[in-house]
Amino acid sequence: MTQIVTVLGGTGKTGRRVVSKLRAGGHTVRPASRSTEIPFDWLDDSTWQGALTGADAVYLVPPALPSQQVTLVPGFVRRAVDLGVRRLVLLSARGIDRAENPDALTCERAVRDSGVAWTVVRPAWFAQNFSEEFFQPQVMQGVIAAPAGDGKVPFVDAEDIAEVAAAALTDERHAGQIYELSGPEALSFGQAAALIGEALNRPVQFVDIPPEEFVRGATSAGLPEEHAGLLAGLFGVIRNGWDERLSEGVQQALGRQPADFKSYVNRSAAEGKWGEPQ
């Protein structure tokens, strides 16, 4: 049985949910981020050993920027294995295997070539991008602006991502698996906005904007240019209809259907994610 699980990004969207689910299952968990008791910072490798020493398994959330993934993740994986980690569960992204950039699969190659048990989790766009950071302020203002056009996405609930990851961290049956996760239906950003507005009983609309306008706005708000450009590229995938397909990873890993977007919206509204609870 896994004795200690280190969860990188332990205060983030998926990480804190993984921590909660592991603790509920009776496992010893070590959340690791810049703000946790045992600190972890991708850009400070002196923090890696404290996060890894004594851990049996690691939930690996890579740094956001592709350039950092290439330079940092392979070395981190080697350090983890050298310190005795025997299971790695990587948070990757759906469609990454079809990316034109040859470096896109660096993180996946690192865990698959590690010599220890591994699982790769490739989710579609998080539903929680509408309620936790990212689009949350825009939802509260009533206008979601993004260069997504009429393209559709099968938004996946972060609770489902975390449950798959927690299972993979603690059950050897998931070793060697790549799970592509999505929700049960593909929605456009306009349809998603309408469902949120319906739950909030106030108008929430989607406005399609040019990619360059999105990049300008994101960088002026403090997002690194590399990250803004990456996001613009991901929106281009949506706009072109390449992200519309459904995936069966939740069903394969958990033996049940994924949560639908409307259930996520109703729950988030009831929790007051966009203002007073509905």
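**Close-up 1. Glu132 and Arg17, two buried residues.** Both Glu132 and Arg17 are buried (buried means under 20% relative accessible area, exposed over 50%, partly exposed in between, with a 1.4 Å probe and protein chains only). Their side chains meet in a salt bridge, 2.6 Å from N to O (a side-chain nitrogen of Lys or Arg within 4 Å of a carboxyl oxygen of Asp or Glu). Glu132 lies in the loop between β5 (117-123) and α5 (136-141) and Arg17 in helix α1 (residues 15-24), so the pair ties together parts 115 residues apart in sequence. Helices (H or I, at least four residues) and strands (E, at least two) are DSSP runs, numbered from the N terminus.

This is a predicted model: local features need pLDDT of at least 70 and side-chain atom pairs count only at pLDDT 80 or more, while totals for chains, interfaces and linings use all residues. Residues are numbered from 1 along each chain as its sequence is written, and side-chain values use heavy atoms, with hydrogens and water left out.

**Close-up 2. The salt bridge of Arg122 and Glu108.** The side chains of these two residues meet at 2.7 Å, N to O. The pair links distant parts of the chain, with Arg122 in strand β5 and Glu108 in helix α4 (residues 106-112). Arg122 has 7% relative accessibility and counts as buried; Glu108, at 3%, is buried too. Asp97, Arg98, Glu180 and Arg245 are linked with them in a network of salt bridges.

**Close-up 3. The salt bridge of Arg256 and Glu163.** Here the N to O distance is 2.9 Å. Arg256 is partly exposed, at 28% relative accessible area, and Glu163 is partly exposed at 31%.
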